[in-house]
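Student: I have a structure to read. Can we go through it feature by feature?

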Amino acid sequence: MDDVLYQIFCGTYDPTPKAAAPDQAMPEDLLKLYRQMERTLGLEFVDRWDSLQGKREEWSGFQYYRAGFRLGARLMLEALMAE
């Protein structure tokens, strides 16, 4: 079923846009940089940095999700109030 509400209900809806060609090469570049940082700064430092980056990205993602959810709710309210 292609119904977006049903996909959200089932937990199968994926709002992630498809990666463009330049974006697909980025993980390889990041891995090379990660290994260079690990050699230079040490594994403990890089793991701590990676953990903090992950927390920051999670919080940022939640902020975007919340803003999108509010926008969707406002659009629904406006659609329901339209004459």
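**Reading the model**

Tutor: Start at the surface: Val4, Leu5, Ile8 and Tyr13 form a nonpolar patch, with about 400 Å² of accessible area together. This is a predicted model, where local features need pLDDT of at least 70, side-chain atom pairs count only at pLDDT 80 or more, and totals for chains, interfaces and linings use all residues. Residues are numbered from 1 along each chain as its sequence is written, and side-chain values use heavy atoms, with hydrogens and water left out.

Student: What are patches made of?

Tutor: Residues with over 30% relative accessible area and no salt bridge; nonpolar side chains (Val, Leu, Ile, Met, Phe, Trp, Tyr) are joined within 5 Å, like charges within 9 Å. A salt bridge puts a side-chain nitrogen of Lys or Arg within 4 Å of a carboxyl oxygen of Asp or Glu. Areas come from the Shrake-Rupley method with a 1.4 Å probe.

Student: Where does tyrosine 13 lie?

Tutor: In the loop between helix 1 and helix 2 (21-41). Tyrosine 13 is partly exposed, at 39% relative accessible area. Buried means under 20%, exposed over 50%, partly exposed in between.

Student: How many helices and strands does the protein chain have?

Tutor: Helices are DSSP runs (H or I) of at least four residues, strands (E) of at least two. Here there are three helices and zero strands. Of the 83 residues, 2% count as buried.

Student: How many aromatic pairs are there?

Tutor: Rings of Phe, Tyr and Trp (its six-membered ring) pair if their centres lie within 6.5 Å; planes under 30 degrees apart are stacked, over 60 edge-to-face, the rest tilted. The structure holds two pairs. One of them, tryptophan 59 with phenylalanine 62, is tilted: 5.7 Å centre to centre, 40° between the planes. The two residues are three apart in helix 3, so about one helical turn separates them.

Student: Where is confidence lowest?

Tutor: pLDDT is the predictor's confidence in each residue, from 0 to 100. Helix 1 (residues 4-10) is lowest, at a mean of 78. Helix 3 (residues 43-81) is highest, at 90.

Conventions
Buried means under 20% relative accessible area, exposed over 50%, partly exposed in between (1.4 Å probe, protein chains only).
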